[in-house]
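Let's take a friendly walk through this fold, from its strands to its cores. Have the coordinates open as you read.

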Amino acid sequence: MDSDDLGDEEWVCQYGTIHSPIDGKPFKCRPSIGEDPQELSLIRGRLDVDKVALMIQRRRPRHVGAMPGEGARHAKVADLRAAGFRVWATPTRANPFHVSVMPLDLQGTWTQDDMERFEGCFEPPDWKEGQL
């Protein structure tokens with residue numbers, strides 16, 4: 001297995017917030033219009049909401065963790081692949097756990113079907129302080 005490969009049994013997670021929803025949803029389910037490349041960012045591992053929030057909100061003091069209204073959701077790499085997505089590790093110096101995901105058959109921008117298949121891969125989110 002290459003260092004960029006993820007095993008099917010591995011988990012990935014995504015940060016979300018009710019404070020700045022995208023398309024009316026707390027979790028991003030497509031790249032921004034015109035964003036290139038057409039990949040979404042995830043985090044490798046099954047991390048709790050405090051750890052996910054701190055990885056995304058890097059300026060936040062470490063002792064604070066997630067704020068009410070912030071959440072994390074989790075998916076198995078195998079489920080994303082079975083739904084037609086390419087999932088691969090793309091570590092950076094700032095985030096060694098960075099993962100990229102995009103539809104295998106991408107023809108420009110993510111379609112409504114792509115977004116629905118992506119959303120369907122995740123377990124119900126965990127919210128800070130039981131929010132939502």
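Strand β3 is mostly covered, with six of its seven residues buried; buried means under 20% relative accessible area with a 1.4 Å probe, protein chains only. Helices (H or I, at least four residues) and strands (E, at least two) are DSSP runs, numbered from the N terminus. This is a predicted model, where local features need pLDDT of at least 70 and side-chain atom pairs count only at pLDDT 80 or more, while totals for chains, interfaces and linings use all residues. Residues are numbered from 1 along each chain as its sequence is written, and side-chain values use heavy atoms, with hydrogens and water left out.

What are the partners of β3? Seven bridges pair β3 with β1 in the antiparallel sense, and G71 in β3 is the bridge partner of G16. β3 also runs antiparallel to β6, joined by two bridges; here A72 stands opposite D126. Strands count as paired if DSSP finds at least two bridges between them.

Now turn to helix α1 (residues 49-56), whose buried residues are V49, V52, A53, L54 and M55. Their cover includes β1, β2, β3 and β6, with contact meaning heavy atoms within 4.5 Å.

Finally, the cores: each is a set of buried Ala, Val, Leu, Ile, Met, Phe, Trp, Tyr and Cys residues joined through side-chain atoms within 4.5 Å. The largest nonpolar core has 22 residues, and L42 and W110 are among those with the most contacts inside it. β4 gives the most to this core, four residues. A second, separate core of ten residues includes L47, V52, A53 and M55.

Terms used. Buried means under 20% relative accessible area, exposed over 50%, partly exposed in between (1.4 Å probe, protein chains only).
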